[in-house]
Amino acid sequence: MWHVSMVCIISSYAVSLLLETMRLLRNATWMYPLSLLMTAAGLLAHTIYLASRSSQVSLPPLVASSYDWFLVLAWVMVVGYVSISLVYRKTPYGILFLPLILLLVSVSLLFQSSPQPVVRDFRVLTMVHTASLVFAFAGVLSAIVLAVMYLLQHYRLRSGNAFLKRFHLPSLEQLSRWNRGAVIIAVPLLTVGVGSGILLGLRHPEKLPHFSLFDPLIAGYLISFAIMLGLFIRLLTTPSGTGKHMAWMTIWVCGFLLLSVVGLQILSGANVSSNNWHGGS
Amino acid sequence: MKVSVTYCNHETTSVSLREKIAFASDDDFARGYEIIRSQFPNHECVIVSTCNRIEFYLATDQQEITCPSVDDFVKTISLIHDVSPEDYQTAFRQQCDDHCLLHLFEVASSLDSMVLGEDQIVHQVKASYLKAQNYMAVGTGLHHLFQSALNVASTVRKKTRLSEGKTSIASVAVGEFGRSIFADYTDKQVLVIGAGEMAEEALNYLRDAGVRNTIVINRTYEKAIKLAETFGGTTAPFEDLDKYLASADIIIAATGAPSAWLTAERVSLARKANRTKTQFILDLGAPRDFADDVGRLDDNLFLYNIDDLEEVCQKNRELRVKEVAKARKMIEDAAAKCLAQLRQRNAAPVIANLRTRWEQIGKSEYDRLTSKLSHLPAEDLKQVEIAVDRIINKLLHTPIEAIRKQSLEESHESFVDTLKRLFHLTD
């Protein structure tokens, strides 16, 4: 049954992405509501799927497994995208958001969907850990999208590219502010997420015997986090509106964080015991 | 009367070519009128030179003179501005007679403008006409044409919605490009270089957009003070320009300088302290004030000139299609009326000539008769004189009416020629 639901979710988002791409090429008035309708249908299927998963495993979807965690992250991104789409109707923002959402849904399929037993013992702390990380990663993904938007707008203004002129984007100053805001929100949440994760491992060594700060997986996360913290400090110490350089830096740092986390999660499936909460398939 | 316009504009050529032949100063105009007068004697002339167009209106009453060709004009322009005629071979267009009329009316009504409905152009056309009067280059023909054009422009502005919304080049430029760079103008420092009409338009829009910190810099300090006072800004001496080139967020340049005087080296030096600062430079000058390579100095500098507005203005035009159709109908009606008046004006000397000739014949016949009938009392002779006048008037009535009627037709010139030959009339 879940295969059907995942197909349903992925197809809705894929059709919506197609419509959004067509909107950029040929802006017919009927395309926007249709695209929004397809995303809404996907979101509904996505929500029902998460709810049914939660009742199946008797755990909130956020904490059940990495599989559920990626699906929740995708869900948060869809809610964000739909909200933006309702406010800024002229611009097909789906071109930027939907590929990321599809990627997150696809990545979730790489992970085991069975719940980790350790979660049931420290539910509150695990909830804090996963929830803060979900919102932190939503911030990281938004920062990447905003940085890409900044670069597109910058290129459009500098080159006068006729095709991009149809892609109405907010001002450089606005994008720069939002980008800064997304990173500023993401980093504290990431700190809470990482901190609660370490606390979880250190306070309950009997339940997580393989937890170690020198574990390649944990060490990898910490290095990514430190780099992200570096960007955060740079953003706070540099006056706003410093432009293209900052946009590239956001893409590199956030992209690195995202790739390292996803990559390490996938690799951990082979190398790390499934007793570790972060253990994969 | 023969009228023609030879012109280049934002559609026919780039600003880099237009700026080389622009009439930026009084010296340029003086030289232009002098050379045109020597090249095309017996012609009235008005030169219209704005940031988007350079147009030469010529008119002559002498029917045997043919309109100067585009090539003739290109040669004349090369004499005025010392440019190579080859560069401008394809830049110029020409319209004659009724097409010329339509062109002038469309220009004055801003239908031919980059920003549809902008009202700057009507002031520019009027100023050009007054300037031509100062150079004694305008006669009754072009006077009638320009007066009609200004009247039509006023009617179009009042009776259509062409002038609603953003209708100045400056407002479209700041609105489109500025808004893509900055989200908020309230905390931005705006530097306006120049104190002319374009600078005023830009300040007008920026004030409405919420700009609070404006500095006006102009070579003539008094003009800068006057403009700054109008818009609640401040002024700075021309010597301090580099300081503000570094600190301003938005720079609008619209001076009448003859060439690009703000070079890449100068701007680079000004930005040396803070190259990460985002700056939006709008060069509305024609000739341009900023050198082309200023825009390539670094990634945080956005330089736009008049030609960059073309696509934005196309959107503005599409929004006003209905109003354009309405305006065009008014213009066509007014042009037809003006053309009829011009043609009737052309026929007037022929009518006067015909009447004089026939009255001379009548008078000589009357004189011959009075010498033979000297015995008749004065009262009878008066009756004879009245009778001769009435015969002449009745005989003239039909041909005069025919001339008047025919003068409204396009083929009136051949008809007038036939009459001249028929009645041995001379100009």
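Q: Which residue stands opposite B:Val192 in S6(B)?
A: In this predicted model, B:Val192 stands opposite B:Val216 in S6(B), where strands are DSSP runs of E with at least two residues and helices are runs of H or I with at least four, both numbered from the N terminus.

Q: And how do S5 and S6 of chain B pair?
A: Strand S5 (residues 189-193) and strand S6 (residues 213-217) of chain B pair in the parallel sense over five bridges, and two strands count as paired if DSSP finds at least two bridges between them.

Q: What order do the strands of that open sheet in chain B follow?
A: The six strands run S7-S6-S5-S8-S9-S10 with parallel pairing, and the edge strands, S7 (234-235) and S10 (301-305), each pair on one side only.

Q: Switching topic, how many salt bridges are there over all chains?
A: The count comes to 21, taking a salt bridge as a side-chain nitrogen of Lys or Arg within 4 Å of a carboxyl oxygen of Asp or Glu.

Q: Which residue does B:Asp249 meet in a salt bridge?
A: The side chain of B:Asp249 meets that of B:Lys277 at 3.0 Å, N to O, and the pair links distant parts of the chain, 28 residues apart.

Q: Is B:Asp249 buried or exposed?
A: B:Asp249 counts as buried because its relative accessibility is 12%; buried means under 20% relative accessible area, exposed over 50% and partly exposed in between, with a 1.4 Å probe and protein chains only.

Q: What are the ground rules for numbering and confidence?
A: Residues are numbered from 1 along each chain as its sequence is written, while chains are lettered from A and ligands numbered from 1 in the order in which they are written. Local features need pLDDT of at least 70, side-chain atom pairs count only at pLDDT 80 or more, and totals for chains, interfaces and linings use all residues, while side-chain values use heavy atoms, leaving out hydrogens and water.
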